[in-house]
Amino acid sequence: MNYPAELKEVIQAGGYNEQQIYNADEGGVYWKLLPSKSQYAREDPQKEGYIQRKDRVTLLFTANKTGKHNCCHFSSKSKNPRCFHNVNLLNLPVVYEASKNAWMTSQIFKSFMPQTRLFLQCKNLEEKAILLLDTCPAHLHANELTTNDGKIKVVYLQGNTTSKIQPIDQEVISTFKTHYHRELLCKVLVNEWFTLQEPIKALTVKDLVYIAAHCWGRIRAESIVKCWMKGLGGAFEQDVTPTCADTEDIENAAVAGLGETMTNVSDDFVGANTWIHFNDDCEGFETLSDDDIIAKQTEPGAENDTDEDDTDEVAVPNASKVLQGLQTALQFLESCDGSEVDTIQLMQIHIMM
């Protein structure tokens, strides 16, 4: 029996509808990595000794079968980055967690549960769901990722087949990374920096959080549905199963957009393609030997590591400065072309003022 047929039996036995069926997978991102070959780099006064930054974070991408509920969980090394001083983490557009070496952890996986319950409540659906996971050695046993009431539980995909059947692996993560590369370039190009290193040094984890949320939001629900149907179409009642070409088009569109941006910084798109796929092998989990596990458990203060600059104070603007900033933003938006501004945004600024 193939896996889609097995999954179909699980779905029917549990009475799950498409909004209660989820898949999650992690992916690592070198978030300060720029192309190694570009006109910009060759003209950099500090090109001697130029190295590519490989600061890594891990993101957990979760989406249900309809693509209508998708969320992004973010793991970085620092528990209290100074850029988050006086920032309520609950207001961030992604779920931020800290873990040593920025690996994905079971605690981050468990943070998926309350978000799922809230979504199902809003949809007036029974608070039950299944989360499909691959058999990565970093994942805990299914029983440890099941809620106490047993209503939200994990079902593991068939081993050695996840690259072909796991929905999030069908161009979703790679498309996100392509969008991220484009946004990173745009952030570098928005100002005429003296050296290539300046905008990268200025980039903070908070910038990354908002860029990641923007890129994740650019992946349409219809695209996620196609990725579900590519490998697991047999588990669902559908008249037409999208072809492999449909999911490839999702990433191709993102690459085309990146290509337009790359013309501003590179005349070597072969080098750019290498850069695009550099993150493909960036894992989001750590594989430990028995000796490694023992060492981590006995290491003093392992759970309390933070960046040495985490406690730096950041001045909070007073109400007068905030109001002035809102007025400036409103004046700018009101002067823009009507097709570029959402009237709801204007109303929200008025309300805040």
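Visitor: Which residue in E4 is the bridge partner of Ser-75?
Guide: The partner in E4 is Glu-97. This is a predicted model, in which local features need pLDDT of at least 70 and side-chain atom pairs count only at pLDDT 80 or more, while totals for chains, interfaces and linings use all residues. Residues are numbered from 1 along each chain as its sequence is written, and side-chain values use heavy atoms, with hydrogens and water left out.

Visitor: What makes E3 and E4 a pair, and in which sense do they run?
Guide: Strands are DSSP runs of E with at least two residues, and helices are runs of H or I with at least four, numbered from the N terminus. Two strands pair if DSSP finds at least two bridges between them. Strand E4 (residues 95-98) has four bridges to E3, in the parallel sense. E3 also pairs with strand E2 (residues 56-64), antiparallel and over six bridges.

Visitor: Why is Ser-75 called buried?
Guide: Buried means under 20% relative accessible area, exposed means over 50%, and partly exposed lies in between (1.4 Å probe, protein chains only). Ser-75 has 0%, so the residue counts as buried. Ser-75 belongs to strand E3, and six of the seven residues of E3 (residues 70-76) are buried.

Visitor: What joins the side chains of Ser-75 and Ser-99?
Guide: A polar contact of 2.8 Å. The term needs a pair of N or O atoms within 3.5 Å; within protein, one must be able to donate a hydrogen and the other to accept it, and residues adjacent in sequence count only through side-chain atoms on both sides.

Visitor: How many aromatic pairs does the structure hold?
Guide: Six. Rings of Phe, Tyr and Trp (its six-membered ring) pair if their centres lie within 6.5 Å; planes under 30 degrees apart are stacked, over 60 edge-to-face and the rest tilted.

Visitor: Why is the pair of Tyr-22 and Phe-112 given its class?
Guide: The centres are 5.3 Å apart and the planes stand at 75°, so this pair is edge-to-face. Tyr-22 is in strand E1 (residues 21-30) and Phe-112 in helix H4 (residues 112-122), so the pair ties together parts that are 90 residues apart in sequence. Tyr-22 is buried at 0% relative accessibility, and Phe-112 is buried at 1%. Trp-228 and Phe-236 are another edge-to-face pair, at 6.0 Å and 80°, and both residues are buried.

Visitor: What lies over the face of Phe-236?
Guide: Lys-65, at 4.9 Å from the ring centre. A charge sits over a ring if NZ of Lys or CZ of Arg is within 6 Å of the ring centre and within 35 degrees of the ring normal. The charged end of Lys-128 sits over Tyr-16 in this way, 5.4 Å from the ring centre.
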